[in-house]
Amino acid sequence: MSTMAMPQPTASEAAVRYLITNYSPKGNKVGWLMMASILVEAWDLYSIAFVLIFIKEQFNPDPLMLGLAAAGTQGGALVGALLGGWLSDKIGRRVMFLVTMVMFIVLALAQAFVPNVTWLIVIRFLLGIPLGSDISTGYTYIMESMAKGEREVMGNRWQFMFAVGEVLTIGVIVIFLLLDINHETLWRVTLGLGALPALIILIMRHDVPETAVWLVQKGRYREAKKVAREMFNDDLAMLPDQDVVVPKVSTSAFIADLRKDPIRWRATIYGWIACFVQASEFSTFAFYLPVLFVMVGVSSILGINLVTMALFSFAAVSGWVGPLLTPKIGHRGISIAGFSIVFVSLLVAAFALYTDNKILLPFAAAAMLWGHYWDASNCMTIPTMVAKPKYRGTASGFAYMFVKLPSFLAIFLFPTVFAAIGQANATLMVAIFPLIGLLAAIFILPEVYGYEND
């Protein structure tokens with residue numbers, strides 16, 4: 001009986017498969033360095049929520065302008081996610097994550113000196129572009145510099161880093177309030193301080209090399225072998241010592257390529273849905289928790305900041321525990337558990353608002369944040385991980401677009417919904433998002449923990 005010979009992989013394909021399957025010993029350090037940039041994003045995206053009251057006090061803008069000031073960064077990040085992911089595939093991961101940090105430092109400082117709300121909106125929109133780009137580039141780097149299993153745990157830690165950034169932000173604002181700093185100085189310094197961690201990250205990232213996977217895909221074999229020796233103590237013997245010219249990749253083929261594999265396609269569809277609904281549930285209910293607490297009279301401004309800091313400290317624990325559980329219960333397990341907790345918690349929060357139960361509301365919010373930091377943990381990891389390396393930046397950026405679009409719309413429009421239908425009805429309406437996510441996790445998401453793709 002004769003058998004048909006399987007086509008042998010090219011040297012490039014063999015090297016990519018080898019890298020993705022095995023490494024890396026230094027990947028954990030690199031992964032944390034990529035995750036650290038989320039502190040910068042968290043600081044900028046959510047510090048505005050705690051200083052909006054002071055910006056309104058100084059400039060007295062109409063609600064539309066105030067909403068745009070809060071949501072402007074999210075709108076810019078929507079552009080940055082798409083542009084940054086595409087550029088990451090075209091010109092490299094390293095160039096992109098260095099450029100984005102430089103841009104952020106300049107723009108973060110600029111927003112501290114704006115003369116009016118209009119300029120604040122413009123600067124914050126521009127600021128969102130490097131933020132959105134950096135997340136998509138960072139995820140791509142993690143998936144190409146860490147071994148399977150490790151890369152997923154690291155990728156799922158982005159919510160932990162968000163929580164840490166939020167706690168640090170609130171902590172600084174609480175200190176400023178206790179020191180009775182002038183309100184204008186308070187909001188300007190708070191926004192401008194985002195440049196400091198960005199500068200530190202830029203310095204720490206300066207010597208991080210390009211990923212060997214991207215260099216192989218581009219035919220830059222000599223550099224790929226050098227990077228592999230430095231990072232993995234492996235010279236990729238399957239590659240020749242000379243560079244080669246490789247055909248250019250058509251980004252437009254990204255979706256068509258995904259649809260060839262039902263597992264990758266279903267996992268990616270779930271990732272997009274999960275990105276959209278987790279961003280919607282957070283950017284409506286959780287983002288406006290300080291405002292909600294003020295509206296229902298939970299405490300004073302200082303007290304509300306302390307309560308909110310305690311809530312996000314609790315959420316940080318969830319953000320740490322969730323990734324550790326993922327190897328045990330899989331991506332489906334952590335998603336189903338997270339969306340279930342958020343759904344029930346929002347129903348309880350709505351009940352607390354309907355009955356004017358000020359004691360129950362913070363506990364419902366705490367449970368909601370715990371579940372959210374689980375259901376949001378893998379929505380970026382999954383579509384980035386299952387994508388082929390040549391499309392990985394595009395895949396990450398495309399997924400992040402589904403985070404930023406609802407975030408922009410929700411932060412911009414939800415105060416109007418609050419006013420139109422009331423806090424309790426609005427909270428009940430938000431519960432539709434985790435319900436959609438739960439159904440998607442049950443019926444769409446295949447288990448892809450440890451998935452390999454070359």
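A: Let's start with a term we'll need: a residue is called exposed when its relative accessible area is over 50%, buried when that area is under 20%, and partly exposed in between. Keep in mind, too, that this is a predicted model.

The part to zoom in on is helix α10, which covers residues 195-205. Its buried residues are Ala195, Ala198, Ile201, Leu202 and Arg205. Looking down the axis of α10, you'd find these buried residues within an arc of 125°, so they line one face of the helix. Why would a spacing like that work? An α-helix has 3.6 residues a turn, so residues three or four places apart point the same way.

The protein has 21 helices and zero strands. Its radius of gyration is 22 Å, close to the 22 Å that the globule rule gives for 454 residues, so the protein is as compact as a globular protein of that length. Along its principal axes, the C-alpha trace spans about 80 × 50 × 35 Å. As for the surface, the protein exposes about 17600 Å², and carbon and sulfur atoms supply 70% of that. If you take contacts with a separation of 6 or more, 84% of them come from residues 24 or more positions apart. On the charge side, there are 31 positive and 29 negative charges, and their mean positions are 5 Å apart.

A few residues in other helices make handy comparisons. Take serine 396, which has its place in helix α19 (residues 392-421). With a relative accessible area of 0%, serine 396 is buried. Leaving out residues up to four places away in sequence, serine 396 touches Ile135, Ser136, Tyr139, Thr140, Met380 and Thr384.

Next comes alanine 364, in helix α17 (residues 360-375). Alanine 364 counts as buried as well, at 4% relative accessibility. Among the residues it touches is Val348, along with Ser345 and Ala349, again not counting residues up to four places away in sequence. Alanine 364 and valine 348 are 16 residues apart in sequence, and their C-alpha atoms are 6.1 Å apart in space.

Leucine 126, in helix α6 (residues 117-145), falls into the middle class: at 36% relative accessibility, leucine 126 counts as partly exposed. Its C-alpha atom is separated by 17 Å from that of leucine 409, a residue 283 residues apart from it along the chain.

Finally, have a look at two spots between helices. Most residues other than glycine have a negative phi. Asparagine 60 has a positive one, near 50°. You'll find asparagine 60 in the loop between α3 (37-59) and α4 (63-91), and with a relative accessible area of 58% it is exposed. Aspartate 356 also has a positive phi, near 55°, and lies in the loop between α16 (301-354) and α17.

Technical notes:
Residues numbered from 1 in each chain as written. Predicted model: local features only at pLDDT ≥ 70, side-chain atom pairs only at ≥ 80, totals over all residues. Heavy atoms only, no water. Helix = DSSP H or I, 4+ residues; strand = E, 2+ residues; numbered from the N terminus. Rg over C-alpha atoms; globule rule 2.2 N^0.38 Å. Contact = heavy atoms within 4.5 Å. Areas by Shrake-Rupley, 256 points an atom, 1.4 Å probe, with all protein chains shown as cover. Lys, Arg positive; Asp, Glu negative; His and termini not counted. Charge placed at Lys NZ, Arg CZ, Asp CG, Glu CD. Buried < 20%, exposed > 50% of the residue type's maximum accessible area, 1.4 Å probe, protein only. Arc of directions from axis to C-beta.
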